[in-house]
Amino acid sequence: AQGQPFWSGAKRPPTPLEFDRNDQSHVDFVVAAARLRAINFGIAVPRKIEEAPVLDIVSKMTIPEFEPKKGVKIATTEAEEREAGGKTGDDDDDDDGSKAA
């Protein structure tokens, strides 16, 4: 690191994307993510997933606005990570209540 903030110069931070059911790349992403998630949990996935039911479900979902946690220090060097004892703000429980590995 050269002491420059990461999001400086030509780099721009990512911005949230609004889901557009009419944008095929958005629909494809949701279907692919659902397929991968199901496979990870050992759920049988049909070869062809119909988009209409997926769009119906997605259109009923409300996703809360992202708000970063306050006071989280992210280590940018190995020394800072050792100093923090490996605890750099990503120590939350997983969705199932177990500690992250």
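Mentor: Helix H1 (24-40) and helix H2 (51-59) each supply at least two residues of the lining of the largest pocket. Helices here are DSSP runs (H or I, at least four residues), numbered from the N terminus. This is a predicted model: local features need pLDDT of at least 70, side-chain atom pairs count only at pLDDT 80 or more, and totals for chains, interfaces and linings use all residues. Residues are numbered from 1 along each chain as its sequence is written, and side-chain values use heavy atoms, leaving out hydrogens and water.

Now the pocket itself. Its volume is about 760 Å³. A pocket is an open set of points on a 1 Å grid over the protein atoms alone, where a 1.4 Å probe fits, with protein on both sides within 12 Å along at least five of seven lines. A volume is the space filled by probe spheres set on the points, which are joined across faces, edges and corners.

The lining counts 18 residues, each having an atom within 4 Å of a point. Nearest the centre lie Leu17, Glu18, Phe19, Val58 and Ile63. H1 gives the largest share, five residues. By class, 13 are nonpolar, three polar and two charged. Nonpolar covers Ala, Val, Leu, Ile, Met, Phe, Trp, Tyr, Cys and Pro; charged covers Asp, Glu, Lys and Arg; the others, Gly among them, are polar.

Histidine 26 sits in helix H1. Leaving aside residues up to four places away in sequence, histidine 26 touches Leu17, Glu18, Phe19 and Asp20; contact means heavy atoms within 4.5 Å.
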